[in-house]
Amino acid sequence: MKGNILVISGPSGSGKSSLMHEMMKRVENTYFSISTTTRQKRDGEVEGKDYFFISKDEFKKGIEEGNFLEWARVHDNYYGTSLKQILIELSAGKIVIFDIDVQGHKIAQEKFGNIITSVFVTTPNQEILKQRLIQRGTDTQESIQKRLNNAISEMTRVKEYDFLLINDYFDKTLDDLVSIANASKNRVSSINTEEFISSWLQ
Ligand code: 5GP
């Protein structure tokens, strides 16, 4: 078996992170790709668990040195996926989970398209998203507006994904995400078919 990648995108406030973390408790052999970002750490976030937090200068150096599989500017900050650890986890046969935006998904598709399963998570409508962002209480009014504007433009790119999950009822959405993650392991392109066929013929 080779590894595969599960990309999860969607607006901040859609419930994407909670879904992803709960899904990882229920699906075997997953690895969460910890992104690097230049944004400020939120209360409760842990360095090396949620993100690697670095300065813009360090990030630009990382780009020049080719350390990122993909990177993007989102809400005036840089976010990127480091390549090295991903390759190690893929060769160990893991399901590597990417929480990245639509720009990152497009680049990842160009490089690893045959082993990617992609999911877009959103709320039933934009008003619910706004209420969830306000309730979360981690963003200023200006940041909430930026995130809403970004969500509106991301929604126009849903058709680039394999699956759309409308997160109305958390437990139902979680069940769907767990099913998708489990099924993603069986993609033919993630299985060493030649080896399987030769052992099957013996
Ligand atoms: P947040 O600031 O809410 O943690 O994340 C903001 C957005 O950046 C989310 O849509 C998230 O999916 C995206 N993001 C997080 N890490 C990465 C990354 O490594 N690459 C890209 N392209 N987007 C990312």
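**Entry 1: Asn 4**

I began with the neighbours of Asn 4: leaving out residues up to four places away in sequence, Asn 4 touches Leu 90, Lys 94, Ile 95, Val 96, Ile 115, Ser 184, Lys 185 and Ser 190. Contact here means heavy atoms within 4.5 Å.

A note on what I am looking at: this is a predicted model, where local features need pLDDT of at least 70, side-chain atom pairs count only at pLDDT 80 or more, and totals for chains, interfaces and linings use all residues. Residues are numbered from 1 along each chain as its sequence is written, and side-chain values use heavy atoms, with hydrogens and water left out.

Is Asn 4 buried or exposed? I found Asn 4 buried, at a relative accessible area of 2% (buried is under 20%, exposed over 50%, partly exposed in between, with a 1.4 Å probe and protein chains only).

I also looked up a side-chain partner: the side chains of Asn 4 and Ser 184 make a polar contact at 2.9 Å (a pair of N or O atoms within 3.5 Å; within protein, one must be able to donate a hydrogen and the other to accept it, and residues adjacent in sequence count only if both atoms are side-chain atoms).

**Entry 2: the ligand**

Next I turned to the ligand. Which of its oxygen distances did I note for Asp 99? An N or O atom in the Asp 99 side chain is 2.6 Å from a ligand oxygen atom.

For Gly 80, a backbone N or O atom lies 3.1 Å from an oxygen atom of the ligand. For Ser 12, I noted a polar side-chain atom 3.4 Å from a ligand oxygen atom.
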